[in-house]
Amino acid sequence: MRQLLNTLFVLSEDAYLSLKDDNVVVQNKDERLASIPLRSIEQILCFSYKGASPALMGKCAEFGVAVSFFSPRGRYYCSILGEKNRNVLLRRQQFRIADDEKRSLPIAKSFIAGKVFNCRWVLERTKRDHAMRVNVERLAGQSAALHSALGQIGGCSRIDELRGLEGNAAKDYFFAFDDLILRNKDDFFFEVRSRRPPLDRLNALLSFVYTLLTSDCTAALQGVGLDPYVGFMHVDRPGRVSLALDLMEELRPVVADRFVLSMVNTGAIKPADFEERENGGIFLNDKGRKVVLTAWQKRKMEELTHPFLNEKMTWGLVPYVQALLLVRTLRGDLDAYPPLMWK
Amino acid sequence: MMVVVAYDVNTETPQGRRRLRLVAKACVKFGQRVQNSVFECLVSPSDLLVLKNELVKIIDVECDSLRFYNLGAKYSNRIEQVGRQRHLPSDGIMMV
C-alpha cells in the first residue's frame, strides 16, 4: 500500500517558495521559515500572495508533489501536478466513455448511489446516537426519502434524469441538515445551502471544506493518470474539474459534511473564527482557516477499513484509492465502479 | 521509512572540510537537518540506496564515518525531542 506523506501548508501571506537542493524553501522577506525535502511531502497547499518559483514547480512535477495555489482567503486558483499523467491510452478511454452516454451512465449512477447512501447514513447515525436531542421524525422522514431515491437511481435511464434525482436527494438531505447540529444552535444553524458568497457560518465552513476536498480529488485523479476536467455526470465547462466533482459526490457526506459537523458539535470552531464582508458573505478569518486546516490534516491521518477493499488505510488516501478503482472500471477490470459506502 | 543519518568527517585538511560540505549537501536533499551532523530522512528504500551510494562516494573511509539508523515506518514514538527544535517535524502538522 502506498504511504500517505505529509502536506505542507503555507499560510503566511508574504511567503515565497523556492527550490534549493531538492528542498522547498519557504521565505518571508529575508528570513527562512522552513526548508523541507520534496521527497518527504505529498502536496503543498499555498495560501500566499507571492507564490512559488518556476524551478520549484518543475521539480515538484518531477517528484510527483501536487502543488495547489489559493488566495489567502481560501479561493482556489490552480494546481500543478506531477508528470504521471502521460498515460494517453487511459485518457482516451476516459474520453470515449464520457462521450458515450450509455457507457458513462452506470458510472455516474454509482457516484450518485454512493452519495445518497452516504447522506442517508449520516442522518441515520445522528438519529441513532442522539435520539433524545433531535427531531427524530424529520430525520426518519428524510432518511426514508433518500432510501426511496436510492431505489429510483437504479432504474434511471438518462443522465438528465439522474441529475434531477441527485438534486432532489440533495434537497432532502439538506432539509434535515440543521438537525445534525447539536450545539451552539444560535451561532451555527443551517437553513439552505448558499454559496458565492456563503451567507451563514455553516455554509462558509462547508464551502471551504469542499474546496479542500476538490483539490484533494483533483490531485488524486491526476495522480492516477485521469483527466480531472472530463466528467461523466458534471457537464464540461472550461476550468471546471468535472471528474473531480463527480468523484467528490460520494465523499461529500462522509468526508466533508461529517468533518464540518464534528467541528461544530465539538466546539472546535467558534463564531470568532469568522468574519463578515461588505457583500454580506461570511468567510473564515485567518485564525479560523488555521483551525480548520489543522483539524482537516488530523482527520486525514485517521484510519478506516475500506469497505470494498477490506484494507486499512488513512482517510487521506481515500480519494486516491477511489480514483484507482475508477481507473480499473474504465479499463474493464471491474464490472462496475464501487463507490465508498460508509456506514 | 525514517532513517537517521549521522556522520563524522575529519576536517583537519582542506579536503576534509570540502568532504564535510559535500556530505551535508547530499543529506539535505533527502532529509531535514536536526542537529549539526545528524539528519532525519523520510525516504523510500530505493531512495535510501541512492543516498548511501552518494555518501559513500564522497567520504574517505580511512578517516570519516557514516552511520544509518533505520527507524522503520512507525517511527513517531521512537523519537523524543528535548530543547529547541530547528526543523519542522515530518509527522506533525506542517504549517508555516
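This is a predicted model: local features need pLDDT of at least 70, side-chain atom pairs count only at pLDDT 80 or more; totals for chains, interfaces and linings use all residues.

Tutor: Chain A is built with nine helices and eleven strands. It has 343 residues, of which 56% count as buried. If one takes the contacts of chain A with a separation of 6 or more, 61% of them are between residues 24 or more positions apart.

Let us turn to the charged side chains. In general, side chains of opposite charge can pair when their charged atoms come close. Over all chains, the whole structure contains 16 salt bridges. One of them joins A:E249 to A:K115, with 2.8 Å between the closest N and O atoms. This pair connects distant parts of the chain, for A:E249 belongs to helix α7 (residues 242–265) of chain A and A:K115 to helix α3 (residues 101–129) of chain A, 134 residues apart. Are these two residues buried or exposed? A:E249 counts as buried because its relative accessibility is 3%, which falls under the 20% limit. A:K115 is likewise buried, at a relative accessible area of 10%.

A:E249 has a second salt bridge to consider, in which its side chain meets that of A:R252 at 3.5 Å, N to O. Here both residues lie in helix α7 of chain A, three residues apart, which is about one turn of the helix. A:R252 is buried, as is A:E249.

Another pair in chain A is A:D216 with A:K300, whose closest N and O atoms are 3.2 Å apart in a salt bridge. This pair, too, links distant parts of the chain: A:D216 is in helix α6 (residues 201–224) of chain A, A:K300 is in helix α8 (residues 286–301) of chain A, and 84 residues separate them. A:D216 is buried, with a relative accessible area of 11%. A:K300 counts as buried at 8% relative accessibility.

In general, most residues other than glycine have a negative phi. A:D22 has a positive phi, near 60°, and is not a glycine. A:D22 sits in the loop between β2 (15–20) and β3 (23–28) of chain A. A:K29 also has a positive phi, of about 50°, without being a glycine. A:K29 is placed in the loop between β3 and β4 (31–37) of chain A. How do the surroundings of each residue compare with the limits for buried and exposed? A:D22 is buried, because its relative accessible area is 13%. A:K29 counts as exposed, because its relative accessibility is 64%, which is over 50%.

A:D22 leads us to the partner chain, for a network of salt bridges links A:D22, A:R39, A:K59, A:E62 and B:D47. The contact involves 25 residues from chain A and 19 residues from chain B. About 1,700 Å² is buried between the two chains, and carbon and sulfur atoms give 63% of this. On the side of chain B, B:M94, B:M95 and B:V96 supply 40% of the area that it buries against chain A, more than any other three residues.

Finally, chain B itself deserves a description. Its elements follow the order β-α-β-β-α-β-β from the N terminus, and 40% of its 96 residues count as buried. Four strands of chain B form an open sheet in the order β2-β3-β1-β4, with antiparallel pairing. β2 (31–35) and β4 (65–72) of chain B are the edge strands, each with a single partner, so one side of each has no neighbour in the sheet. From one strand to the next the twist averages 25°. Within the sheet, five bridges connect β1 (residues 2–8) and β3 (residues 38–42) of chain B, which run antiparallel. B:A6 stands opposite B:V38 in β3(B). Helix α2 (residues 45–58) of chain B lies across β1, β3 and β4 of chain B and runs at about 170° to β4(B).

Methods. Residues are numbered from 1 along each chain as its sequence is written. Chains are lettered from A and ligands numbered from 1 in the order in which they are written. Side-chain values use heavy atoms; hydrogens and water are left out. Helices (H or I, at least four residues) and strands (E, at least two) are DSSP runs, numbered from the N terminus. Buried means under 20% relative accessible area, exposed over 50%, partly exposed in between (1.4 Å probe, protein chains only). Two strands pair if DSSP finds at least two bridges between them. Axes are lines fitted to C-alpha atoms, for helices over the stretch in contact, and angles run from 0 to 180 degrees between N-to-C directions. Contact means heavy atoms within 4.5 Å. Buried area is the accessible area (1.4 Å probe) that two parts lose on being put together, summed over both. A salt bridge is a side-chain nitrogen of Lys or Arg within 4 Å of a carboxyl oxygen of Asp or Glu.
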